[in-house]
Amino acid sequence: MPDKVQGYPLRPVRIVVGTTPGGALDALARLIAQRFNAHYGQNAIVDNRSGAGTQLGMDVVAAAQPDGHTLLCASETVLLLGAQKRTRYDVLKTFTPVSWLTTTAYVLIVNPVVPAANVKEFIAYAKARPGEVRYGTPGVGATQHLIWERFGGLTGVQFAHVPYKAGALATLDVVSGQIQTTMTTLGNAIGPIKSNRVRPLAVTGLKRLQAMPELPTIAESALPGFEAVSYYSLYAPSGVAPAIVNSLNAAMAQAMQSVDAQRAVSADGAEIATAMTPKELRAKFERDFLEMEKAVRGAKIVL
């Protein structure tokens, strides 16, 4: 049982989520709230503050008292918005990473008319048609946009970007043939894959997905070391006592090993993240931020 901190929590804890109710992030936050109640004997309430690409939720936590009673459950968008200079504060100095919760690799899919059975064939196909192969993403500057820019840079392929309002819309247009390809979540892709309306080529993580072990990674198929995943983490405002951060970190690590957590996460095509201490997570937080800044500059993204 993770160590508790005397006097914490003193009142219900608010877990802020920068999206509307019903999505994968909201579901994870509610699962965490349940486990929080079980461990600390105090209520945890999910507070949905959607808007400005999750920045509204970030702003709420950034301005909160650093006493551990207001937390943020968010994706790597926390870093991405900071790297894009869309926040009025330095995210590295404003937030304390508490726990790394889940990771989600993307699935590279193509319309069946694309004559490619694997990543190498897809690269060769696109390279022979510079600027003609269209890929979809959830929007300019989104995580998938940066992944495609990196993929194009490493392969020497010039792709054409088509931004959408959501990744699911891009997947639908791959099915219809409006665009040729996208990198999307397994949740978006699994239906079209099973019905043979799209062809999966690879996944973007360093290891194969438990849900589709037959599908290779981009790293093993064509680009050794290539990794691009989305992840959900728990953050606190900077200044929260280390004892509280350590207690929350241990409690969340235990919670994510529960059967209900693993079942909920795998249903969405995600996986439980490797447990990290707050110090290890801070180092990852800083490395990822620098990589995103570099990617934003390299892609010359104008928001």
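This is a predicted model: local features need pLDDT of at least 70, side-chain atom pairs count only at pLDDT 80 or more; totals for chains, interfaces and linings use all residues.
**Helices and a sheet, step by step**

In general, an α-helix has 3.6 residues a turn, so residues three or four places apart point the same way.

Helix 1 (residues 24–40) and helix 10 (residues 242–255) pack at an angle of about 115°, and their axes lie 10 Å apart. Angles of 65 to 115 degrees count as roughly perpendicular, and helix 1 and helix 10 are therefore described as roughly perpendicular to each other. Their crossing is right-handed. On the side of helix 1, the residues in this contact are Ile 32, Arg 35, Phe 36, His 39 and Tyr 40, and they meet Ser 247, Leu 248, Ala 251, Met 252, Gln 254 and Ala 255 of helix 10. Sorted by class, the contact of helix 1 with helix 10 comprises seven nonpolar, three polar and one charged residues.

A second pair is formed by helix 5 (residues 119–127) and helix 6 (residues 143–155), which pack at an angle of about 80° with their axes 11 Å apart. That angle makes helix 5 roughly perpendicular to helix 6. Here Val 119, Phe 122, Ile 123 and Lys 127 in helix 5 meet Trp 148, Phe 151 and Thr 155 in helix 6, and the residues of this contact divide into five nonpolar, one polar and one charged.

Five strands form an open sheet in the order 7-6-8-5-9, and their pairing is mixed. At the edges stand strand 7 (160–163) and strand 9 (199–203), each of which pairs on one side only. On average, and with direction ignored, neighbouring strands of this sheet are turned by 30° against each other. Within the sheet, strand 5 (residues 107–110) and strand 8 (residues 181–184) run antiparallel and are joined by four bridges, and Leu 108 stands opposite Met 183 in strand 8. Helix 8 (residues 186–194) packs on the sheet, where this helix touches strand 5, strand 8 and strand 9, and its direction makes about 35° with that of strand 5.

Methods:
Residues are numbered from 1 along each chain as its sequence is written. Side-chain values use heavy atoms; hydrogens and water are left out. Axes are lines fitted to C-alpha atoms, for helices over the stretch in contact, and angles run from 0 to 180 degrees between N-to-C directions. Helices (H or I, at least four residues) and strands (E, at least two) are DSSP runs, numbered from the N terminus. Angles under 35 degrees count as roughly parallel, over 145 as roughly antiparallel, 65 to 115 as roughly perpendicular and the rest as oblique. A crossing is left-handed if the near helix is turned anticlockwise from the far one by less than a right angle, and right-handed if clockwise. Contact means heavy atoms within 4.5 Å. Ala, Val, Leu, Ile, Met, Phe, Trp, Tyr, Cys and Pro count as nonpolar, Asp, Glu, Lys and Arg as charged, and the others, Gly among them, as polar. Two strands pair if DSSP finds at least two bridges between them.
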